Amino acid sequence: MSAPIETMVSGTINGRTVAVAKDTPLLQAARDNGVGIPTLCHHPALPPDGNCRLCLVEVGGKLAASCLYPLREDGFSVVTESGKIAGARAFVVKLLLSRAPEDECLLRLAALYQTAPDPRLAGDEDGCLRCGRCVRACHAAGSDAVALVGRGRSRKVAGAFLEPPADCAGCLACARVCPTGAVKFRETKNSRSIWGKEFSLAPCPVCGRTVGTPEELARAGLDPGGALCPECRRRAMAGALLALPENAAPKRG
Amino acid sequence: MSRLIHFCHFLVNSDYFVGNIRAMSQFDFQTLEDLLAGTPTEPRHLLPFLQRTQEKFRHLPREALLAAAAHFSLPASRVFAVASFYKAFSLVPKGERLIAVCQGTACHLRGGPQVAASLEKRLGLKIGQTSADGRYGLESVNCLGACALAPVATVDGAVRGHLTPGRAAELL
C-alpha cells in the first residue's frame with residue numbers, strides 16, 4: 001500500500017520530478033525511479049552502513065552517500081552523475097582496489113571511472129573491502145560473532161580478541177553476502193570450517209542431504225540432530241495437510 | 001556480589017579459562033567488580049567504563065572486556081571492536097610510569113626526536129614499548145598544546161617542558 005499523501009516528499013532526481021515516502025533512503029528512491037547508482041556495501045536485506053562510499057551523489061550540489069541519506073523534505077535536488085561524482089567515485093574505487101585489485105566487479109568499476117590501483121598503496125591486498133556486510137549479516141542472523149576491529153590500515157573483520165569467535169554458528173551468512181568473496185571457508189560432506197572454527201554438518205534424517213551445522217539449526221530453533229532439509233520439510237508438511245479430514249476425498253453419492 | 005559469582009561461573013565455563021587458571025587466580029576481580037558496581041547497564045556507559053578500567057589496570061584485561069560484554073548485554077566482538085579502536089586503550093599492560101614524548105611540529109623543531117632517542121637509549125626501549133619489568137612505558141604523542149614549553153613530554157599525564165637529551169634522565 002502506498003503511503004498517505006502527507007507523508008510523501010517530492011523533489012528532482014537528475015532533473016525529473018519524483019515523489020517518494022518521507023525518509024526513503026535516496027539510494028532506494030533513485031533505484032525505484034529507474035536511476036542506477038553503483039554500490040558495494042549495500043545489501044537490500046541489511047541496514048545501510050555507508051562504508052564503501054561508492055554510492056556518492058550530489059544533493060543540492062554537495063556530495064552525500066545516498067544509501068544513508070533519508071529524503072525528509074520537499075524540494076530536494078539530486079544529481080547522480082557529474083564530473084564531481086565521477087571523480088569522487090574514481091578515487092573511492094582506487095582506494096578499494098588497494099584491498100582487492102583482482103575483484104571483477106571493482107575492475108569493471110575501474111574501467112568505468114578510468115582509474116587504477118595506486119602502487120603506493122600496495123601491500124594490503126587481502127581482498128576485504130571493510131564494507132561490513134558480513135558483520136551486519138552476522139548480526140541479522142543472530143550471532144554477532146565478528147566485528148570490524150582495530151582502526152585505520154589495520155582495521156579488519158575478526159572475532160573478539162582476534163580469536164575464533166565463540167558465538168559463530170558456522171552458518172556462512174557472512175561468506176554469502178561478501179561482495180568480493182574475501183570471507184573464506186572450507187566445506188566437505190561432513191564438516192565445515194570458517195573463522196578458524198570447525199563445524200560438523202547435520203544430515204537430513206530423511207534424504208541425508210546436508211542441512212547445516214548443529215549450531216545454526218539450534219539457533220533457528222530446530223532440532224540440531226535431525227532437522228529436515230527444506231525439501232523434505234515441504235513434503236512432510238504437504239503430507240500432514242493431505243491427512244487432514246477436510247482434505248479427504250469426497251464420498252461419492 | 002552475585003554478579004561476580006555469576007561472571008566467574010561464566011568464565012569457568014568458557015574455553016578461555018582452561019589452561020589459564022593460574023593467571024585467573026591472580027586477577028583482581030574485586031577491583032573489576034567495584035568498577036562495574038556503579039555503572040549503569042545502558043551500552044552508552046561502555047566507554048566511560050573502559051576509560052576507568054584502563055586507568056586502574058593500565059590496560060584493558062580480557063576479563064574486564066568479557067565482564068563488560070555481560071554487564072552491558074553487548075556481544076564480545078562489539079566490546080573488543082571499541083576497545084581496539086581507540087588509541088587511549090591498550091590491550092597489553094602499559095608501564096607503571098608512562099612517559100609520552102611529544103613529536104608535534106614545535107617539539108620536533110626544538111629537539112623532540114633527540115629527547116625521544118635519549119630516553120630510548122636510557123631505557124633500552126623503542127617508542128611504543130614497555131620495559132620487561134613493567135616499570136616504564138615509552139610513547140610518543142603528537143601535540144599536547146604546550147608548544148611554548150617545547151620540547152615537552154608527559155610523565156603519567158604531568159607535562160614537563162624545556163627538555164634536553166641530558167635532562168631527559170630526570171623523567172625516570
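**Figure 1. Burial and surface of chain B.** In this predicted model, 45% of the 172 residues of chain B count as buried. The accessible surface of chain B comes to about 9,300 Å². Carbon and sulfur atoms hold 56% of that surface. Among contacts in chain B with a separation of 6 or more, 60% link residues 24 or more positions apart.

**Figure 2. The elements of chain B.** Eight helices and four strands make up the secondary structure of chain B. Read from the N terminus, their order is α-α-α-α-α-α-β-α-α-β-β-β.

**Figure 3. The open sheet of chain B.** Four strands of chain B form this sheet, in the order E2-E1-E3-E4. The sheet is open, and its pairing is mixed. E2 and E4 (158-160) of chain B are the edge strands. Each of these two pairs on one side only. From one strand to the next, the twist averages 25°. Helix H8 of chain B, residues 112-123, packs on the sheet. H8 touches E1 and E2 of chain B. The direction of this helix makes about 150° with that of E1(B).

**Figure 4. Strand E1 of chain B and its two partners.** E1 spans residues 97-102 of chain B and is mostly covered. Five of its six residues are buried. E1(B) runs parallel to strand E2 (residues 136-141) of chain B, and six bridges join the two. Within this pair, Arg97(B) has Tyr136(B) in E2(B) as its bridge partner. With strand E3 (residues 153-155) of chain B, E1(B) runs antiparallel. Three bridges join E1(B) and E3(B). Here Ala100(B) stands opposite Thr154(B).

**Figure 5. The pairing of E3 and E4 in chain B.** E3(B) and E4(B) run antiparallel, joined by three bridges. Ala153(B) stands opposite Arg160(B), a residue of E4(B).

**Figure 6. The largest nonpolar core.** This core has 29 residues. Leu32(B), Leu46(B), Phe49(B), Leu50(B), Leu65(B) and Val79(B) touch the most other members. Both chains contribute: strand E8 (146-149) of chain A supplies at least two residues. So do four helices of chain B, namely H3 (29-37), H4 (46-57), H5 (62-72) and H6 (76-85). H5(B) gives the largest share, seven residues. In soluble globular proteins, nonpolar side chains tend to be buried together.

Figure 7. Neighbours within four places in sequence are left aside here. Beyond them, Leu50(B) is in contact with Leu60(B), Leu65(B), Val82(B), Ala83(B) and Phe89(B).

**Figure 8. The contact between chain A and chain B.** Chain A brings 14 residues to the contact, and chain B brings 13 residues. The two chains bury about 1,100 Å² between them. Of this area, 64% is on carbon and sulfur atoms. In chain B, Ser77(B), Phe80(B) and Phe85(B) lose the most area to chain A. Together, these three residues account for 48% of what the chain B side buries.

Terms used. Residues numbered from 1 in each chain as written. Chains lettered and ligands numbered in written order. Predicted model: local features only at pLDDT ≥ 70, side-chain atom pairs only at ≥ 80, totals over all residues. Heavy atoms only, no water. Buried < 20%, exposed > 50% of the residue type's maximum accessible area, 1.4 Å probe, protein only. Pairing = 2+ DSSP bridges. Axes fitted to C-alpha atoms, helices over the stretch in contact; angles between N-to-C directions. Contact = heavy atoms within 4.5 Å. Areas by Shrake-Rupley, 256 points an atom, 1.4 Å probe, with all protein chains shown as cover. Core = buried A, V, L, I, M, F, W, Y, C linked by side-chain atoms within 4.5 Å. Buried area = accessible area lost by both parts, 1.4 Å probe.
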